[in-house]
Amino acid sequence: MPVVLARTEMQRVLERLEGVYALLAHLPYGTGMRLMALIRLRVKDVDFDRSEILLRDGKGAKDRVTILPEAVVTDLRAHLVRRR
């Protein structure tokens with residue numbers, strides 16, 4: 001039987017994460033992307049102007065577009081600036 005965290009439990013977990021780990025946890029939680037889609041995510045797949053993320057080669061070997069959550073935009077931009 002799968003174990004699922006309650007919404008409040010998940011919020012407490014996300015609040016305690018910092019830096020890259022927070023981004024890695026917030027993106028799939030806010031977009032519904034799978035782990036391998038997160039691992040394969042590239043900078044060019046993130047469109048800040050349209051608030052979209054292009055997920056390539058997902059389930060069924062298909063590409064799809066999902067939303068870029070507003071909650072991670074600032075942290076994601078800061079991370080990309082640091083990495084550049």
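Contact, in these notes, means heavy atoms within 4.5 Å. I looked up M33 with that in mind: leaving aside its neighbours within four places in sequence, M33 is in contact with L27, P28, L38, I53, L55 and R64.

Ground rules before I go on. This is a predicted model, where local features need pLDDT of at least 70 and side-chain atom pairs count only at pLDDT 80 or more, while totals for chains, interfaces and linings use all residues. Residues are numbered from 1 along each chain as its sequence is written, and side-chain values use heavy atoms, with hydrogens and water left out.

**The sheet**

Helices (H or I, at least four residues) and strands (E, at least two) are DSSP runs, numbered from the N terminus. Two strands pair if DSSP finds at least two bridges between them. Here I found an open sheet of three strands in the order β1-β2-β3, with antiparallel pairing. β1 and β3 are the edge strands, as each pairs on one side only.

I then took the pairs in turn. Strand β1 (residues 46-47) is joined to β2 by two bridges, and V46 has I53 as its bridge partner in β2. Between β2 and strand β3 (residues 64-67) I noted four bridges, again antiparallel. L55 is partnered with R64 in β3, and E52 stands opposite I67 in β3.

Which face of β2 is covered? I wrote down I53 and L55 for the covered face, and E52 and L54 for the uncovered one.

S51 is not a glycine, yet has a positive phi of about 55 degrees. S51 is in the loop between β1 and β2, a hairpin with four residues between the strands. Is S51 buried, partly exposed or exposed? Buried means under 20% relative accessible area, exposed over 50%, partly exposed in between (1.4 Å probe, protein chains only), and S51 counts as partly exposed because its relative accessibility is 22%.

A61 also has a positive phi, near 55 degrees, and is not a glycine either. I found A61 in the loop between β2 and β3. At 56% relative accessibility, A61 counts as exposed.

**The core**

A nonpolar core is a set of buried Ala, Val, Leu, Ile, Met, Phe, Trp, Tyr and Cys residues joined through side-chain atoms within 4.5 Å. The largest one has 14 residues, and L27, M33, F48, I53, L68 and L76 touch the most other members. Elements giving two or more residues to this core are α2 (19-31), α3 (35-40), β2 (52-55) and α4 (70-83). α4 gives the most, with four residues.

**T31**

T31 sits in helix α2. I put T31 down as buried because its relative accessibility is 10%. Not counting residues up to four places away in sequence, T31 touches I53, T66, I67 and P69.
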